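Here is a short briefing on one structure. It covers the sheet, the core and the ligand shell.

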Amino acid sequence: PATTSDPDCVFCSILAGKIPSAAVRESERIYAFRDIAPQAAVHVLVIPRTHEYANAGEIASGDPELAAELLREAAAVAKGEGLAEGGYRIVLNTGHHAGQTVYHVHAHVLGGEPLGRFGA
Ligand code: 5GP
Ligand code: ZN
């Protein structure tokens, strides 16, 4: 599938360089950067460069290889940030009740300290 972009999407604006971001990891189809409002000692967002998929279910159905790459990159970010030993959490919020605010699929990588069981 082709790469799409939405001018009203904050993550597409980050990908286009219109909003600055602190890069953590980059590949051809994936970009990882620090969350602007960190909820843990380490909080990185991992996104595909395409706007095509709003959430985990959509990307898994629409481009399974890209979905797998998103998870591989999230794990690589965790390793690179020194989280592999102590452990970390990958979060993929979907929809209103989960508090999803950006409808461009993104994996949160959280760690660097003990995390609460599930809440923020
Ligand atoms: P969601 O709640 O949709 O799962 O997560 C969206 C995340 O994007 C939030 O954790 C929020 O802090 C982060 N975020 C929103 N706007 C920006 C921004 O302009 N820059 C960065 N680095 N993160 C952002
Ligand atoms: Zn987008």
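**Sheet, core and ligand shell**

Strands β4 and β5 (residues 107-111) are paired antiparallel, with four bridges between them. Within β5, His108 is the bridge partner of Val91. The model is predicted.

**Sheet**
- Five strands make up an open sheet, ordered β1-β2-β3-β5-β4, with antiparallel pairing.
- β1 (23-26) and β4 (88-91) are the edge strands; each has a single partner strand, so one side of each is left without a neighbour in the sheet.
- On average, neighbouring strands of this sheet are turned by 20° against each other, direction ignored.
- Helix α3 (residues 64-80) packs on the sheet and touches β1, β2 (30-34), β3 (42-48), β4 and β5.
- The direction of α3 makes about 155° with that of β3.

**Core**
- In soluble globular proteins, nonpolar side chains tend to be buried together.
- Here the largest nonpolar core holds 27 residues.
- Ala32, Val44, Val46, Leu70, Ala74, Val77 and Val109 have the most contacts inside this core.
- At least two core residues come from each of α1 (10-15), β2, β3, α3 and β5.
- α3 gives the largest share, five residues.
- Leaving out residues up to four places away in sequence, Val44 touches Val24, Ala32, Phe33, Arg34, Asp35, Val77, Glu81 and Val109.

**Ligand 1**
- Around ligand 1 there are 14 residues.
- Those that come nearest are Ile36, Ala37, Asn93, Thr101 and Val102.
- By type, the shell around ligand 1 has seven nonpolar, five polar and two charged residues.

Terms used
Residues numbered from 1 in each chain as written. Chains lettered and ligands numbered in written order. Predicted model: local features only at pLDDT ≥ 70, side-chain atom pairs only at ≥ 80, totals over all residues. Near = placed C-beta within 6 Å. Nonpolar A, V, L, I, M, F, W, Y, C, P; charged D, E, K, R; others polar. Pairing = 2+ DSSP bridges. Axes fitted to C-alpha atoms, helices over the stretch in contact; angles between N-to-C directions. Contact = placed C-beta atoms within 7 Å. Core = buried A, V, L, I, M, F, W, Y, C linked by C-beta atoms within 7 Å. Buried ≥ 20, exposed ≤ 12 C-beta atoms within 10 Å, placed from the backbone.
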